[in-house]
Amino acid sequence: MLRVGMLTSGGDCQALNATMRGVVKALSSNVQDLEVYGFINGYKGLIYGDYRLLTAKDFSGILTKGGTIIGSSRQPFKLMRVPDENGLDKVEAMKQNYYKLRLDCLVILGGNGTQKTANLLREEGLNIIHLPKTIDNDIYGTDMTFGFYSAVNIATEAIDCIHTTASSHNRVFIVEIMGHKVGQLCLYAGIAGGADIILIPEIPYDIDKVIEAIDKRTQQGKGFTVLAVAEGAISKEVAAMSKKEQKKYMENKKHPSVSYELAVAIQEKSGTEVRVTVPGHTQRGGSPCPYDRVLSTRLGAAGADAILHNEYGYMIGIVNGKVKKVPLEDVAGKLKSVSPDDQIIKEAKLIGISFGD
Ligand code: F6P
């Protein structure tokens, strides 16, 4: 008998279900007695013993289904060692529930924060397999996370739609793209959508350079400009502040989102009217794109293969195009971000995209 626990944690994304399906399909093809326990709403389910025994029927027809059939929640890593309001030790509770169900292993689908807790549970002696999900593609040690290309598709479509209206009205438009503190999603959607200006956190922008790029287009007879702006983009002034000053600035600023702040700054400095569009959580929604379906199926199958060989303590990632087991201890707590020296940035600049630097 093989007993496998499974949970999805953090912000959802496309292909979570496809990945779980990949794991279970591969396991059930190779193991006769298999029990799969789904913990409800991420680590919360593991902490409070909220789980469901999942059957083959649960995994049928979910390859294309967005979201997660077992729910998700954000359980910050920094609070894991802090007892809950009733004094419950969360780490001990998770271990107890794991042992109570006599699990052989726990398959954890999640992003950076989730991975840190997965590594903590590994250090506590549990058998862990981590499968890297996020639309942000910011997980260190893997070239790609599932969810990313599905989100790129949606964000690109948003930019495409804005293009037609921006050109009809000769307007400047900002499309705000998710990605948390990393610009990967904005970079890819921006290039795919033909954005004229792309602003990402890794390349702090100079407002005068942004206006210069808009003016240049006007002088070339192009009446409209589309900016793809990462939600985490920051100006050169803010980037130069100390962490403490940045925190204070973020708390006191007039507009919670960088896009509206930028729109006001462009309008005030140049007199140009600017519109803002925020596709927001649509970027995480809906059906996974074919690439993500393939990626998640491969990662799921490789996760199952590791379980079948009793190999634990790994993230299953993509390294140089190949599926690889990456030791959790080598990657947990690290962030992957875009480098201003990346080839893709140089190529984007070559075709005339401005990064406001
Ligand atoms: O990590 C995925 C992500 O969608 C980020 O791009 C974004 O910053 C964040 O989650 C939004 O989180 P929430 O769903 O909690 O608002």
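This is a predicted model: local features need pLDDT of at least 70, side-chain atom pairs count only at pLDDT 80 or more; totals for chains, interfaces and linings use all residues.
1. Basis. Local features need pLDDT of at least 70 and side-chain atom pairs count only at pLDDT 80 or more, while totals for chains, interfaces and linings use all residues. Residues are numbered from 1 along each chain as its sequence is written.

2. Over residues 3-306 the chain is 44% helix and 15% strand, where helices (H or I, at least four residues) and strands (E, at least two) are DSSP runs numbered from the N terminus. The end C-alpha atoms of this stretch are 14 Å apart.

3. Ligand. Gly11, Arg74, Gly111, Thr134, Ile135, Asp136, Met178, Gly179, His180, Glu231 and Arg284 surround the ligand, a residue being near if its C-beta atom, placed from the backbone, lies within 6 Å. The shell holds two nonpolar, five polar and four charged residues. Here Ala, Val, Leu, Ile, Met, Phe, Trp, Tyr, Cys and Pro count as nonpolar, Asp, Glu, Lys and Arg as charged, and the others, Gly among them, as polar.

4. H1 and H11. The axes of H1 (residues 16-30) and H11 (residues 290-308) come within 7 Å and cross at roughly 40 degrees. Axes are lines fitted to C-alpha atoms, for helices over the stretch in contact, and angles run from 0 to 180 degrees between N-to-C directions. That makes H1 oblique to H11 (under 35 degrees is roughly parallel, over 145 roughly antiparallel, 65 to 115 roughly perpendicular, the rest oblique). By class, the contact of H1 with H11 has 10 nonpolar, seven polar and three charged residues.

5. H5 and H6. Helix H5 (residues 148-169) packs on H6 (residues 184-192) at about 45 degrees, with the axes 8 Å apart. The two are therefore oblique, and their crossing is right-handed. Phe148, Ala151, Val152, Ala155, Thr156 and Ile159 of H5 meet Leu185, Tyr188, Ala189 and Ala192 of H6; contact requires C-beta atoms, placed from the backbone, within 7 Å. Nine of these residues are nonpolar, one is polar and none is charged.

6. H7 and H10. An angle of about 70 degrees separates H7 (residues 207-219) from H10 (residues 258-270), with axes 10 Å apart, so the pair is roughly perpendicular. Ile207, Val210, Ile211 and Ile214 of H7 meet Ala265, Ile266, Lys269 and Ser270 of H10. The contact has six nonpolar, one polar and one charged residues.

Technical notes:
A crossing is left-handed if the near helix is turned anticlockwise from the far one by less than a right angle, and right-handed if clockwise. Two residues are in contact if their C-beta atoms, placed from the backbone, lie within 7 Å.
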